[in-house]
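Subject: Handover of the two-chain model

Dear colleague,

I am passing on the structure below, together with my notes on what was found in it. Please read the notes with the coordinates open beside them.

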Amino acid sequence: MTKSIYDQITASGTSGTDFKQRMVETFSGDALDTDRWSSHGSGSATMADSVDGGLLLTSPTNGAQSIDFSPSDSGKIRPFSQTGAVMIVTSKMVQAQYTNQSNGFRTNYYTEAGKYVIMAIQGQTNGNSGDNKIQLKSNNPSTSVDTSIASSAIHDLHNYKLELLSSSSTLSVDGALSSTGFATGSCNPDTRCQPYLNIATAEGTISGGAKANYTYCEVYNT
Amino acid sequence: MAYKQHFIDWFSGKSGASYWNIVNPSGSGASLKGKDEVNGGMIMTSGTGSNNNGFCGFNGKNQFSRSGFVQIAVWRLDPSSSGHSFNQAQCGMASQTNDNGQDCAHWMIRNSQTYIEYRTRSGGTGSFISTTVARDTNFHHTKMEAKSASSYEFSVDHALAATVTSNLPQSDLSPFMKADDSAQVPSVLGIKYMECYNT
């Protein structure tokens, strides 16, 4: 008997009102699905021609490239709850020098101010406090919580899970529930939010741009 | 058993996927866009002019067997509709490329009616039948299952509403959504999940 996917991911009898929104992106194919995603910046968002390459997000020489759900400021699409949502990302930051990767939830269009909670992966810059670290970061309130991932491993392929809880957020790297790959902070966005993936240069230029591969992204309300 | 066709859409993102063919059998401007609301999914709007009938389907690619399929959807007559009694939204399976007038099996929420309805048609024959579930603008879980070519089950909010054995489709089917405003713009269908598979 064929079973529905619906019945495998929801409790029996989940009502239409209680059914939670979900997005699953496997970054496979000829090009980024631009019906779903908007790409922002003068870099690029292309599919990699390499095994497990997925999406290759490339920043400009000095700046940022991101993808999210919002084609314009007036057309923001933010279906995820600031107090109950999860983002799972499998990604690899290619370079360690002058590169800053941030993936998570934001309330704003990319050119405007807003609140965010992110997983921040930063390479060596010019002595910035986040150098060579993977952190849980937010600006509501200002939060930077380090994981203990070794600096030598920050540009490896990792599985990241970012969760927005009722009055806090957590970051888990490679399934850690405590200790080395785990961080928690009392921070949340201040309104509904959208997922975004971002790669940028930090305190220096990179010939050819900063780069990150993404092979999976899943986001859902809890 | 060989793998059978299985379709799923979470309706998450800025707009509907390109596998949806969006047309206006009448009027113009039908669209399928993400909604800026927690758990809002996407909204299919009837159009921007008057007397719009917006239809969103698979452009006549009928990959689901009339004698053995399941369709599950979580959808609503979206509260951003104008609220006029002419507003209506439909979700289900049809064999046509642009409207649901012939072979079809689907759900319907009409502002002119007290209850959520369903309908099957064999050719052009078949009429709307009311459930006992009140019409509103909340999301509802609907399920249709073709147990055979001569028996379809309709369930709404996980309760069996009816087993239909007459006026069933004579052609294979594909999923569709429809928003029709009959000059009272806009009519808006909201949806956050659809799954179809052959059994």
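Predicted model: local features only at pLDDT ≥ 70, side-chain atom pairs only at ≥ 80, totals over all residues.

Backbone details

Phe27(A) has a positive phi of about 45° although it is not a glycine, and it is found in the loop between strand E1 (22-25) and strand E2 (38-40) of chain A. Is Phe27(A) buried or exposed? Because 23 other C-beta atoms lie within 10 Å, Phe27(A) is buried. In chain B, Asn39(B), again not a glycine, has a positive phi of about 60°, and its loop is the one between strand E3 (31-34) and strand E4 (42-45) of chain B. Asn39(B) has 20 other C-beta atoms within 10 Å, and therefore it is buried, given that the cut-off for a buried residue is 20 or more.

The two chains

Chain A has one helix and 15 strands. Its radius of gyration is 17 Å, close to the 17 Å that the globule rule gives for 222 residues, so chain A is as compact as a globular protein of that length. The C-alpha trace of chain A spans about 55 × 40 × 40 Å along its principal axes, and buried residues make up 46% of the 222 residues. Of the contacts in chain A with a separation of 6 or more, 66% are accounted for by residues 24 or more positions apart.

Chain B, for its part, has zero helices and 15 strands. Its radius of gyration of 15 Å agrees with the value near 16 Å that a compact globule of 199 residues would have, and its C-alpha trace spans about 45 × 35 × 30 Å along the principal axes. In chain B 53% of the 199 residues count as buried, and 61% of the contacts between residues at least 6 apart in sequence join residues at least 24 apart.

Nonpolar cores

The largest nonpolar core has 49 residues, and those with the most contacts inside it are Met44(B), Ala73(B), Met93(B), Leu189(B) and Ile191(B). Leaving aside residues up to four places away in sequence, Met93(B) touches a set of residues including Phe64(B), Cys104(B), Met144(B), Leu173(B) and Phe176(B). Another core, of 46 residues, lies apart from the largest one, and Tyr160(A), Leu162(A), Val173(A) and Ala183(A) are among its residues.

The contact between the chains

How many residues does each chain bring to the contact? Chain B contributes 32 residues and chain A contributes 29 residues. On the side of chain B that touches chain A, the elements that give two or more residues are strand E6 (69-77), strand E11 (140-148) and strand E15 (188-198) of chain B, with E15(B) giving the most, four residues. By class, that side of chain B has 10 nonpolar, 14 polar and eight charged residues.

With kind regards

Note on methods. Residues numbered from 1 in each chain as written. Chains lettered and ligands numbered in written order. Buried ≥ 20, exposed ≤ 12 C-beta atoms within 10 Å, placed from the backbone. Contact = placed C-beta atoms within 7 Å. Nonpolar A, V, L, I, M, F, W, Y, C, P; charged D, E, K, R; others polar. Rg over C-alpha atoms; globule rule 2.2 N^0.38 Å. Core = buried A, V, L, I, M, F, W, Y, C linked by C-beta atoms within 7 Å.
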